[in-house]
Amino acid sequence: MYAPGEKLWHFHGGIRLDGQRELSTGRPLGAVPLSAEFVVPVQQHIGQAGDVLVREGQHVHRGQQLTQVREYIGAPVHAPTSGKVIAIENRPVPHPSGLEGLCVVIEADGRDDWGDARLEPLEDYRALSPGRIRRRVRKCGIVGLGGAAFPTAAKINPLHEQRIHTLVLNGAECEPYITCDDTLLRHHAAEVVEGARILMHTLGGPERCLIAVEEDMPEAYEALREVLGGTSSGSFRLVSIPSIYPTGSEKQLIQVLTGREVPADGLPADIGVVCQNVATARAVYRAVVHGEPLIERIVTVTGRGVSEPGNHLVRIGTPVHEVIAHAGGYVEPVQWLLMGGPMMGVALHDDAVPVVKATNCLLAARRGELRAAGPVLPCIRCGECVRVCPARLLPHELYRLARAAEFDRAQEYDLFDCIECGCCAYVCPSHLPLVHYYRYAKSEIRDLERERQAADRARRRHEFRLERLEREKRERAERLAKKKAAVSHKADPERKKAAVQAAVQRAQARKAARGDTAPTED
Amino acid sequence: MRFPTASSPFVHGGGAVDRVMLQVLLALVPGTLAMFWYFGWGVLYNILICTGVAVAAEAAILRLRRRPVRATLADLSVVVTAWLLGLALPPLTPWWLPAAGSLFAVVVAKHLFGGLGYNPFNPAMAGYVLLIISFPTEMTHWIAPSVLAEVRLGPLESLRHVFTGVLPEGLAWDALASATPLDTMRTQLLMNRTIEEIRTSPLWGDFGGRGWEWIGNWYLLGGLWLVWRRVADWRIPAGFLGALVAISTVFYLADPDTHPFPAFHVFSGGALLGAFFIATDPVTAASTPRGRWIYGAGIGLLTFVIRAWGGYPDGVAFAVLLMNMAAPTIDYFTRPRTYGHRSPGDLEP
Amino acid sequence: MIAVLAAIAALGGLALAFGALLGYASRRFKVEGNPLADQIEHLLPQTQCGQCGFAGCRPYAEAIARGEADINLCPPGGEAVIKALADLLGVEPKPLDESKAAPAEKRVAVIDENTCIGCTLCIQACPVDAILGAAKQMHTVIASECTGCELCIPPCPVECIRMVPVPRGIEDWKWPAPWGPQAPQTAAPPSRAEAA
């Protein structure tokens with residue numbers, strides 16, 4: 001067994017990219033001033049959206065809970081500032097479709113007043129049960145801030161049989177241009193480490209916590225080293241890993257640090273590992289120790305399409321165009337406005353959309369800044385994509401199968417193991433939009449599955465309906481038969497006499513029961 | 001403010017098919033120059049005719065298929081096919097031989113299957129095999145390399161011979177002609193001579209035929225550069241040459257009288273050109289890492305088998321085509337294990 | 001001559017033997033019901049709309065199994081179902097029959113409650129019992145169960161049922177195909193500023 005943090009493994013493939021960090025790390029951490037209007041989408045995470053708790057016209061405090069989620073995988077959202085709810089309606093949200101989502105729109109009152117929205121500070125968290133801490137994490141709406149936005153409370157709740165021996169703190173910011181985690185570590189390394197301690201306690205005390213940063217983040221490494229008092233302290237180990245994209249992807253990071261692979265049909269907890277982004281750890285700290293729900297985050301505003309690229313503290317719900325304006329505005333012509341980085345980011349269709357919990361970076365790429373792929377050519381099966389795929393897939397085969405709509409075979413080739421990192425498309429000499437093909441295939445498969453289930457339901461309903469009609473017909477026939485029998489019975493004089501007699505006897509019995517006080521009715 | 005949308009990634013590494021093809025052509029230059037040095041102008045005319053006919057044929061069929069002509073020609077894949085075919089043909093063959101081979105390679109072997117990326121068979125090898133089966137005499141009429149030749153034709157004389165079949169005054173074909181080392185080896189062995197006896201002839205150099213082996217060196221140089229640039233996957237030449245050396249060593253050790261030494265196999269015929277430039281054609285080769293080893297090794301083994309016991313002096317072209325047929329199956333059985341899975345194909349839906 | 005007779009006898013004997021074996025097998029291993037029709041029915045969308053000309057998806061499936069119906073008669077199933085049926089039956093897929101119009105997007109029925117008279121005629125018509133109601137009570141379509149078959153529209157005496165398109169939302173949005181006439185930029189809906 002190797003001493004933790006000392007040995008590193010490799011993941012398959014990956015590519016070296018120019019990090020473009022200097023573009024946004026030159027300026028000190030800024031803060032975007034409060035907007036006049038905040039648009040808070042109710043769904044900013046994986047899982048179920050919540051039910052809206054507030055009404056139009058209601059006043060809310062800074063940090064006030066706006067939604068409530070009943071399902072296990074879900075997270076509430078909170079008001080980023082104090083003000084009045086002026087609308088609960090569909091507004092454009094950051095999503096590749098450009099479609100709208102339900103949002104709570106708040107008109108700021110300028111006071112930025114917490115009111116009673118902050119929860120009780122739990123400084124002595126070690127005395128609390130893990131369940132209590134998880135409830136706090138959930139109530140504060142903490143989700144993974146590395147980009148996936150998975151509800152943290154569910155992630156730090158391993159099953160009984162999953163014994164967690166390693167907590168991985170993911171500071172390996174591998175995508176070019178993004179430096180928000182780097183900035184966070186430079187400024188708040190102590191809070192990140194404290195958050196990690198809270199997570200360690202919640203997970204039942206894993207043997208070690210590995211904090212991973214990339215080789216090209218020396219300042220962040222130094223800041224952590226200073227807080228820890230060395231590269232290893234107690235169960236904490238600070239590890240610097242090679243800057244190969246996508247080493248910051250959870251599955252690949254775990255492989256680099258532990259040499260083990262997360263099972264395809266499972267989770268990191270199945271191999272005893274839980275991985276959290278450094279910003280998430282800090283958010284957990286603020287939630288537990290200070291009672292603050294998740295209402296702001298550091299966003300990298302970068303690209304040569306903005307005048308003053310840098311990192312800024314931004315309230316959730318701030319419209320993107322205001323963030324850009326605070327960074328000096330656009331430098332035209334802007335080709336792409338990306339939420340995220342150039343490899344996995346989402347192209348925003350409109351800068352009116354709000355900043356959400358998953359917004360780690362806003363990249364305004366000037367025309368010509370990001371080398372574009374040339375015209376699409378046929379696949380020449382060169383195998384470059386196979387060489388770089390971190391999931392060890394056969395991207396050219398998946399491409400062929402997706403194009404031929406052979407969705408079953410694409411799944412046999414492990415289509416859903418694709419993490420959509422973009423390495424394959426980056427290296428393809430035929431300039432194929434490979435990731436687009438995989439996304440297309442995946443969404444077609446999900447759609448077909450939905451249709452199949454709907455068709456199954458419809459068939460069951462139809463069969464039930466046929467049964468119901470059959471049953472009703474049968475019952476009607478039976479009733480009719482009974483009636484006929486009764487009528488024919490009635491026609492028989494003997495039975496008629498007996499029936500009359502029985503009726504008379506019943507009447508007399510009733511009379512006797514009543515004690516003969518009421519007059520009989522003949 | 002509105003912005004365009006698309007799927008990620010939004011940045012590209014800069015690789016391009018035409019750059020890949022250009023690098024292949026560049027890597028062929030040393031070998032081509034060596035061929036020219038040893039065999040004269042016929043080599044260049046072969047390449048020129050092949051290229052000319054190939055480009056024209058591709059343009060014509062693209063127009064028929066209603067595809068963009070300029071853009072498709074610009075990927076340079078047809079030039080590579082033509083160049084390789086031109087190098088494989090005997091110098092000073094009549095012009096219609098490279099023309100026919102080229103036409104077949106481009107129209108039938110490439111475009112009738114769907115064009116670049118869709119052809120299951122290596123077009124250059126398909127053209128070569130068509131020619132060698134249809135015109136065995138012309139295809140085995142090689143000339144002697146310059147180190148051994150008594151006579152060399154100049155550029156205009158060569159041109160005249162290629163297009164009219166007429167040789168300069170007083171010169172007979174016998175004066176120019178010479179069998180290839182593989183051909184010589186084969187016929188001599190069939191005459192029941194031993195390797196020892198065969199090697200006494202001045203035709204032989206250290207590894208293979210005199211002159212011939214040097215061409216192999218220049219191909220090797222270009223090929224190694226191509227592998228270093230990652231244009232050719234190293235597993236294919238490694239498998240090819242490894243298997244060829246392995247099996248020829250086994251037989252050489254077992255019976256040195258009737259089996260030439262391994263280096264002879266490597267430096268003769270199309271082995272080095274095939275290993276680095278022909279077998280590495282990605283469209284027709286296996287595409288998985290393990291699969292490429294098996295594919296290369298298969299070509300090496302089949303080349304030896306055809307050379308030792310087959311009806312043709314060199315087996316590279318046939319070996320390549322046979323392994324082209326096997327490539328999809330090889331791919332199917334050599335799928336890498338996906339991250340997180342226990343074996344390929346587990347957890348099927 | 002003997003050889004000829006021997007050959008005929010041998011082949012005839014073999015034919016009888018194998019014929020008997022096959023006959024026995026067809027009895028012994030007979031599967032009840034019509035598994036092919038079941039498999040076909042499983043592929044159909046269960047809209048029960050009748051546009052194929054049969055009284056529901058099961059009758060259509062049985063007709064295909066009997067070889068009496070073609071595979072390209074189902075508009076709600078569209079190309080996906082035709083391809084699946086072609087794969088199952090080992091035949092060539094073909095385009096949807098021209099006489100059947102393919103619907104562009106999913107539609108559900110909606111009852112105008114102001115006009116509904118509670119006659120239950122639509123309830124009796126709905127093949128999946130997606131309409132809630134009783135005599136003289138308000139009728140309403142359960143949108144999540146409505147298959148869009150439109151069989152409820154003709155019986156309504158006051159014509160209070162109309163079909164309403166159900167556009168895709170974020171939850172069921174699909175990535176558009178990476179090829180074809182659409183450029184890399186997908187069309188985005190008009191912004192609030194433009195719409196205002």
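The bend at a residue is defined as the angle between axes fitted to the seven residues ending there and the seven starting there. Helices (H or I, at least four residues) and strands (E, at least two) are DSSP runs, numbered from the N terminus. The model is predicted, so that local features need pLDDT of at least 70 and side-chain atom pairs count only at pLDDT 80 or more, whereas totals for chains, interfaces and linings use all residues. Residues are numbered from 1 along each chain as its sequence is written, chains are lettered from A and ligands numbered from 1 in the order in which they are written, and side-chain values use heavy atoms, with hydrogens and water left out.

In chain B, helix α1 shows a kink of about 35 degrees at B:V29, shortly before the proline B:P30.

Chain A is divided into domain 1 (22-315) and domain 2 (377-488), with bounds that come from an automatic or database domain assignment. The C-alpha centres of the two domains lie 34 Å apart. Six residues of domain 1 and seven residues of domain 2 take part in the contact between them, where contact means heavy atoms within 4.5 Å.

Burial is described by relative accessible area: buried means under 20%, exposed over 50%, and partly exposed in between (1.4 Å probe, protein chains only). Helix α10 of chain A (residues 395-403) is largely enclosed by the rest of the structure, because seven of its nine residues are buried. The buried residues are A:P395, A:H396, A:E397, A:L398, A:Y399, A:L401 and A:A402. The helix is followed by A:A405, whose phi is positive, near 55 degrees.

A:Q20 lies in the segment before α1 (22-25) of chain A and counts as buried, at 14% relative accessibility. Its side chain makes a polar contact of 3.3 Å with the side chain of A:R304. A polar contact is a pair of N or O atoms within 3.5 Å; within protein, one must be able to donate a hydrogen and the other to accept it, and residues adjacent in sequence count only if both atoms are side-chain atoms. When residues up to four places away in sequence are not counted, A:Q20 touches A:Y177 and A:R304. A:R304 is also one of the residues in contact with A:R366, together with A:G305, A:V331, A:E332, A:P333, A:V334 and A:Q335, leaving aside neighbours within four places in sequence. A:R366 itself lies in strand β17 (residues 361-366) and is partly exposed, at 32% relative accessibility.

No disulfide, a pair of cysteine sulfur atoms within 2.5 Å, is found over all chains. The sulfur of A:C209 has its closest cysteine sulfur in A:C275, at 10.0 Å, which is too far for a bond. Both residues are buried: the relative accessible area is 0% for A:C209 and 3% for A:C275.

Chain C contains six helices and four strands, arranged from the N terminus on as α-α-α-α-β-α-β-β-β-α. Of its 196 residues, 31% are buried. Among contacts in chain C with a separation of 6 or more, 52% join residues 24 or more positions apart.
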